[in-house]
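This briefing concerns an interface between two protein chains. Please look at the structure before reading the notes.

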There are 2 protein chains.
Amino acid sequence: MQKKYSFCVASGHQQCIDDALNIAQVMCDEEQLRLTPLRKRVLELVWQSHQPMGAYDILAQLTSEEGRPAAPPTVYRALDFLLEHGLIHRIASLNAFIGCAYPQQPHQAQFLICRLCRFARELPHSAIDAAIADEAHKAGFTVEGQVIEVFGLCAPCQAEL
Amino acid sequence: MQKKYSFCVASGHQQCIDDALNIAQVMCDEEQLRLTPLRKRVLELVWQSHQPMGAYDILAQLTSEEGRPAAPPTVYRALDFLLEHGLIHRIASLNAFIGCAYPQQPHQAQFLICRLCRFARELPHSAIDAAIADEAHKAGFTVEGQVIEVFGLCAPCQAEL
DNA sequence: AAAAGTAATGTTATGATATAACAATTCTTT
DNA sequence: AAAGAATTGTTATATCATAACATTACTTTT
């Protein structure tokens with residue numbers, strides 16, 4: 001059964017997957033990048049849910065649908081490609097990966113992750129960026145990247161308690 | 001040779017270590033916690049530098065100074081104790097641990113980490129917290145914890161380029 | 001002070017995540 | 001068609017972390 005997500009339940013989560021794949025395809029076409037069947041399939045698997053997915057979960061899915069078992073480098077290389085071109089993000093504190101909600105422009109992601117349903121919501125260009133830039137500036141620190149992962153309870157899960 | 005850190009070079013880094021151990025001792029005395037020799041030694045090792053340190057680095061140090069080799073659970077249990085009581089923090093994106101600069105009051109840490117010298121600077125109660133609280137509130141999200149790790153170049157390292 | 005109970009540590013094994021190195025294949029260009 | 005480059009397959013291993021149970025040490029009760 002397909003898990004339902006409050007924010008995509010109207011159009012159906014399949015729409016999220018289709019959109020992500022289409023955008024990725026267009027982007028790769030434009031930038032002369034090769035969105036191979038493997039890379040596309042891994043991206044699709046990552047998008048199967050809005051919950052961060054582990055590399056070995058992806059591996060297991062690939063193995064189950066191929067005749068032969070896949071090996072870790074197969075998955076990690078595809079993930080590296082997708083990360084490098086901003087199509088997915090890595091959630092460091094979960095050792096997991098999730099589709100990028102805003103692949104159009106390069107950015108550092110920020111997530112609100114529910115500890116119950118594991119839904120990971122990506123915040124677009126929020127005030128958090130500005131606060132970080134400000135703190136870094138005060139310290140004379142040049143920002144190159146960041147890991148922002150906020151854990152807690154999402155609104156729907158709180159309502160259920 | 002002892003690595004020098006710009007912000008503690010005046011008093012000497014040994015002062016950082018001594019302070020951290022003293023504060024930990026006082027806190028454990030007050031709260032009836034047992035800062036055993038092992039836990040104290042692990043805390044001291046974590047404080048050997050201002051760079052996040054891996055569990056297996058700590059393990060290697062312990063092994064080299066004991067007659068017998070130490071096993072991973074020995075270190076991880078000590079780290080768990082120190083984490084639980086706010087004496088150290090974990091840097092998720094580096095799988096590493098660092099002494100807490102503000103163990104007096106419970107808090108969620110935020111770090112500026114230099115990719116060259118690996119110095120990890122902990123920011124105390126910054127505007128970043130407020131921005132996160134604000135964004136979370138807008139999303140109806142209740143914050144329970146957070147991982148904030150900013151990477152880039154610290155001021156001294158930029159000056160050297 | 002001895003016994004019982006609890007907390008901490010030792011020990012062995014294994015789970016979970018990730019990468020190195022090289023071979024084979026496929027795609028692209030010449 | 002051949003050469004070169006990129007991708008994927010394959011084997012092995014590195015790295016990070018915990019489960020499960022035995023032993024030791026500390027604390028409380030009697």
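The notes below describe the contact between chain B and chain A.

This is a predicted model, in which local features need pLDDT of at least 70, side-chain atom pairs count only at pLDDT 80 or more, and totals for chains, interfaces and linings use all residues. Residues are numbered from 1 along each chain as its sequence is written, chains are lettered from A and ligands numbered from 1 in the order in which they are written, and side-chain values use heavy atoms, leaving out hydrogens and water.

**Extent**
- Chain B and chain A each bring 33 residues to the contact (heavy atoms within 4.5 Å).
- About 2700 Å² is buried between the two chains, with 62% from carbon and sulfur atoms; this is the accessible area (1.4 Å probe) lost on being put together, summed over both parts.
- On the chain B side, E135(B), F141(B) and E144(B) lose the most area to chain A, together 21% of what that side buries.

- Two salt bridges cross the interface (a side-chain nitrogen of Lys or Arg within 4 Å of a carboxyl oxygen of Asp or Glu).
- One salt bridge joins the side chains of E144(B) and R115(A), at 2.6 Å from N to O.

**Strand pairing**
- Strand 5 of chain B gives the most to the side touching chain A, with twelve residues (strands are DSSP runs of E, at least two residues, numbered from the N terminus).
- Strand 5 (residues 142-153) of chain A pairs with strand 5 of chain B in the antiparallel sense over eleven bridges (pairing requires at least two DSSP bridges).
- E149(A) has V147(B), in strand 5 of chain B, as its bridge partner.

Conventions
Helix = DSSP H or I, 4+ residues; strand = E, 2+ residues; numbered from the N terminus.
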